[in-house]
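Please open the structure in a viewer and keep the selection tool at hand.

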Amino acid sequence: CVMAAIRMVLAAHEVKRPDKQATSLRIGLSSGPLSAGVIGNANPRFSIFGDTVNTASRMASSAHVSNKSKPQIHLSASAECLLTTSFLQRMDKMGWMLGAR
């Protein structure tokens, strides 16, 4: 998920808004249980629910905007503990801010 988020941030910087500014994202990742399913009959939609989703959403909405000069992805403690120290150090050397720092 972290590599997918990194690719999304990089791709978003390639997309220009109508005002010619680069598109920016706020990303929050959390790890834990959730429920998913298709909701509705007339207009069915896939949706995910749970505390994990709510946590990631709150993290994204309170995160700093990620830009090309200072890319960052907000991680919960449960998501960060799934990453290796060497991966976090490598991302840090590349200028990525990962975690709740």
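The largest cavity holds about 60 Å³ of space. To find this cavity, select Gln72, Ile73, His74, Met97 and Gly99, which are the closest to its centre among the ten residues that line it. A search of the whole structure finds one cavity of 30 Å³ or more. A cavity here is a set of points, on a 1 Å grid over the protein atoms alone, where a 1.4 Å probe fits but cannot get out; a pocket is an open set with protein on both sides within 12 Å along at least five of seven lines; and lining residues have an atom within 4 Å of a point. Grid points are joined across faces, edges and corners, and a volume is the space filled by probe spheres set on the points.

The model is predicted, so local features need pLDDT of at least 70 and side-chain atom pairs count only at pLDDT 80 or more, while totals for chains, interfaces and linings use all residues. Residues are numbered from 1 along each chain as its sequence is written, and side-chain values use heavy atoms, with hydrogens and water left out.

Colour the cavity lining by class: five residues are nonpolar, four are polar and one is charged. In this scheme Ala, Val, Leu, Ile, Met, Phe, Trp, Tyr, Cys and Pro count as nonpolar, Asp, Glu, Lys and Arg as charged, and the others, Gly among them, as polar. Strand 4 and strand 5 each supply at least two residues of this lining. Strand 4 gives the largest share, three residues. Helices (H or I, at least four residues) and strands (E, at least two) are DSSP runs, numbered from the N terminus.

Three strands form an open sheet in the order 1-4-5, with parallel pairing. Strand 1 (28–29) and strand 5 (97–98) stand at the edges with a single partner strand each, so one side of each has no neighbour in the sheet. Two strands pair if DSSP finds at least two bridges between them. Strand 1 and strand 4 (residues 72–75) run parallel and are joined by two bridges.

Which residue in strand 4 is the bridge partner of leucine 29? The partner is leucine 75. Select leucine 75 and display its surface: with 1% relative accessibility, this residue counts as buried. Buried means under 20% relative accessible area, exposed over 50%, and partly exposed in between (1.4 Å probe, protein chains only).

Cysteine 1 is exposed, at 79% relative accessible area. Its sulfur lies 14 Å from that of cysteine 81, the closest cysteine sulfur, which is too far for a bond. Cysteine 81 is likewise in no disulfide, and it is exposed, with a relative accessible area of 59%. A disulfide is a pair of cysteine sulfur atoms within 2.5 Å, and by this rule the count is zero.

Serine 35 has phenylalanine 49 in strand 3 as its bridge partner. Strand 2 (residues 35–39) and strand 3 (residues 45–49) run antiparallel, with five bridges between them. Isoleucine 39 stands opposite arginine 45 in strand 3. Five residues lie between the strands of this hairpin, where glycine 40 takes a positive phi near 100 degrees.

Another positive phi, near 70 degrees, is found at lysine 20, a residue other than glycine. Most residues other than glycine have a negative phi. Lysine 20 lies in the loop between helix 1 (2–14) and strand 1, and is exposed, with 67% relative accessible area.

For the last stop, select arginine 17 and aspartate 19. How far apart are the closest N and O atoms of their salt bridge? The distance is 2.8 Å. A salt bridge is a side-chain nitrogen of Lys or Arg within 4 Å of a carboxyl oxygen of Asp or Glu, and a search of the whole structure finds one. Arginine 17 is partly exposed at 35% relative accessible area, and aspartate 19 is partly exposed at 44%.
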